[in-house]
Amino acid sequence: MKEILSNLNIVGGGLIGAALAYSLSKLGNNIVVLEQKPKFDHKKFLDKRTTAISEGTKNFLEEISIWNEIKYHVEPIKKIQIIDRNQSNKIYFDNQRRNSNLGYIVKNEFILDALYKKLQKQRNVKIFNNVSVKDIFYEGSRIVTKQNNFTVNSNLLLASDGKNSSIRKILRTPIYSKDYKKKAIVINFYHSKSHQNTAYEFFFKNGPLAILPMQKNKNSFQSSIVWTNTNEFINSLISLDDNKIMSIINEKIKGSIGELKKIITKQTFPLSAHLNSKFFENRIIYIGDSAHSFHPIAGQGWNLGMQDVESLYNLVKKYNSLGIELGDEIFCKEFQKNNFFKAYRLYQITDKVDSVFKLDNAIFNHARFSTINLIEKSKKLKNKISDFAMGVN
Ligand SMILES: Cc1cc2nc3c(=O)[nH]c(=O)nc-3n(C[C@H](O)[C@H](O)[C@H](O)COP(=O)(O)OP(=O)(O)OC[C@H]3O[C@@H](n4cnc5c(N)ncnc54)[C@H](O)[C@@H]3O)c2cc1C
C-alpha cells in the first residue's frame, strides 16, 4: 500500500479544513488534506447558506491574505435590531462606537472558492478527494491514517471533519450533545425595500428568525432568512408553494425590508449542538465543528472554528520558530488550554438564549421585557454584547 509522508494530515476540507490548510501552508508545513467529497466546484456547490463573518475573523482572514478575495462578495452589517415577539420590545446596535462594521454576510460558496483557488497554488499542499479514513494507528511518534488504497503518515492529525466526525467515532472521544428537535430553514430571496445594512433577529416562542442583509444582485435587494422552528412546522413550511411561504414570512417580519418578492433558494438543516470532552487525543487535534457545534442563534459556529484555526496557526508559528516538532502532548494540551473554555462558554450562551426566548408565561414574559429594556438603556451592556458578537472581546 502506498504511504504518503507529511507534517500535517488534515481530515475534512470544508469551511474550517480549507482555511486551516491554507493558513498552515503559509508557515511552510507539508500538508495532506483528505476530503470525502469530490473536488470543490463552485458551480456544483449545493450549500446555499450565508455566513455572518465577525470582525475578529475578518482580521485573521486579512492576516492570511484571504480577505482580499472575499471582500467583493460581502455585505457589511452596520446595524442590528433584536425584536421580541411583541414587536414593541427592541434592542438596537450600531457600529458607531468602534467605527467598524458589526459583521459581514457572504455566501459560503465564495469563502470556499477563495480558499480553494489559493490552495491550488500552494506546492506544499496535496489534496485527495473522494477519500475517507478507515483506520488510525501509531508508529512511534507518528500517526498514520489508512484509506482504501493508501496511508498518510504524519506528526499531527487535524480532524476538521465536521460535527459527525468519523475521527472522533474511530477514537471514541466522548462528547456532550443536545438534539434541539428543531430545524432551521434557510431562504435566500429578493425583497422590495433596501435592508439598509441592517440584520434583524425576531425572537418567537418556537425559535428565532434572522434576516441577514446580502449584496444586491443587479438591481434587486437580496437577503437571507434563517428561521428556527419545530421539525413539524419547518417540514410543513417547506412543502408549501413559494407564494404561500412568502406570505407567511411577510406576516412575521412586518415590513422591515418591505415584502418578499421571489424565493431564490430554500434548504433545511436539523439543529443540534455538542462539545467534545476534550479537543485532543494522542497526536490529534479536533478543530471547528468536529470539536464543537452550536445552535445557530448567534451565527458564531464558523467564527469560533476560525478562532481555533488562528490559535493553531500561532502555536505552529511558535513551535516552528523554536525548531520543535509539532504534535506532542504539550503542543496538544496548549491548544486545548487556549480553546476549550471559549467553546464551552459559547455552548452555554447559545443554549441559554434559546431557552429564555422559548419561555412563555406572564412571569417570564415580564422578566424578558425588563431585561431587553435594561440592555437597550445600558451602553455598557450593549458594548459588551456587540464586542462578543464581533469576536473582538
Ligand atoms: C443554518 C445554519 C446557519 C449557520 N450560520 C452561521 C453563521 O452565520 N456564522 C457562523 O460563524 N457559523 C454559522 N453556522 C455554523 C457553520 O456552518 C459551521 O460551524 C461550519 O460550517 C463548520 O465548518 P467545518 O469545516 O468544521 O465543518 P463542515 O462544514 O461540516 O465540513 C466538514 C468537512 O469534512 C468532510 N468530511 C466529513 N467526514 C469526512 C471523512 N470521514 N473523511 C474526509 N472528509 C470528511 C465533509 O465532506 C466536509 O467537507 C451555521 C450553521 C447552520 C446549521
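Q: In what order do the strands of the open sheet of 3 strands come, and is their pairing parallel or antiparallel?

A: Let's start with the general idea: strands of a sheet pair through backbone hydrogen bonds, and they can do so in a parallel or an antiparallel way. Keep in mind that the model here is predicted. In this open sheet of 3 strands the order is β4-β8-β5, and the pairing is antiparallel. Strands β4 (50-53) and β5 (75-77) form the edges, as each of them pairs on one side only. If you look at how neighbouring strands of this sheet are turned against each other, the average is 30°, with direction ignored.

Q: Over how many bridges do β5 and β8 pair?

A: Strand β5 and strand β8 (residues 103-107) are joined over 3 bridges, in the antiparallel sense. To find one of these spots, look for Ile 77, which has Gly 103 in β8 as its bridge partner.

Q: Which helix packs on this sheet, and which strands does it touch?

A: That is helix α2 (residues 55-63), which touches β4 and β8. The direction of α2 makes about 90° with that of β4.

Q: Now the other sheet. What is the order of the strands in the open sheet of 8 strands?

A: Follow β7-β6-β15-β16-β17-β14-β18-β21, and note that the pairing in this sheet is mixed. Strands β7 (90-94) and β21 stand at its edges with a single partner strand each, so one side of each has no neighbour in the sheet.

Q: How many bridges join β14 to β18, and which residue stands opposite Ile 185?

A: Strands β14 (residues 175-191) and β18 (residues 260-276) run antiparallel and are joined by 15 bridges. Opposite Ile 185 you will find Thr 268 in β18. Strand β18 also pairs with β21 (residues 292-293), again in the antiparallel sense, over 2 bridges. There, Leu 275 stands opposite His 292 in β21.

Q: Which strands does helix α6 lie across, and which does helix α7 lie across?

A: Helix α6 (residues 231-239) lies across β14, β17 (221-230) and β18, and runs at about 140° to β17. Helix α7 (residues 242-253) lies across β14, β15 (198-204), β16 (207-213), β17 and β18, running at about 70° to β18.

Q: Let's turn to the ligand. Which residues around it come nearest?

A: The ligand has 27 residues around it, and those that come nearest are Glu 35, Ala 52, Ser 166, Asp 289 and Trp 302. A polar backbone atom of Trp 302 lies 2.8 Å from an oxygen atom of the ligand, and for a polar backbone atom of Asn 303 the distance to a ligand oxygen atom is 2.9 Å.

Q: How much of the ligand's accessible area does the protein cover?

A: On its own the ligand has 1000 Å² of accessible area, and the protein covers 86% of that.

Q: Which elements give two or more residues to the shell around the ligand?

A: They are α1 (15-25), β4 and α8 (301-322). Helix α8 gives the most, with 3 residues. By kind, the shell residues divide into 9 nonpolar, 13 polar and 5 charged.

Technical notes: Residues numbered from 1 in each chain as written. Predicted model: local features only at pLDDT ≥ 70, side-chain atom pairs only at ≥ 80, totals over all residues. Heavy atoms only, no water. Pairing = 2+ DSSP bridges. Helix = DSSP H or I, 4+ residues; strand = E, 2+ residues; numbered from the N terminus. Axes fitted to C-alpha atoms, helices over the stretch in contact; angles between N-to-C directions. Contact = heavy atoms within 4.5 Å. Near = heavy atom within 4 Å. Polar contact = N/O pair within 3.5 Å; in protein donor to acceptor, adjacent residues only side chain to side chain. Areas by Shrake-Rupley, 256 points an atom, 1.4 Å probe, with all protein chains shown as cover. Nonpolar A, V, L, I, M, F, W, Y, C, P; charged D, E, K, R; others polar.
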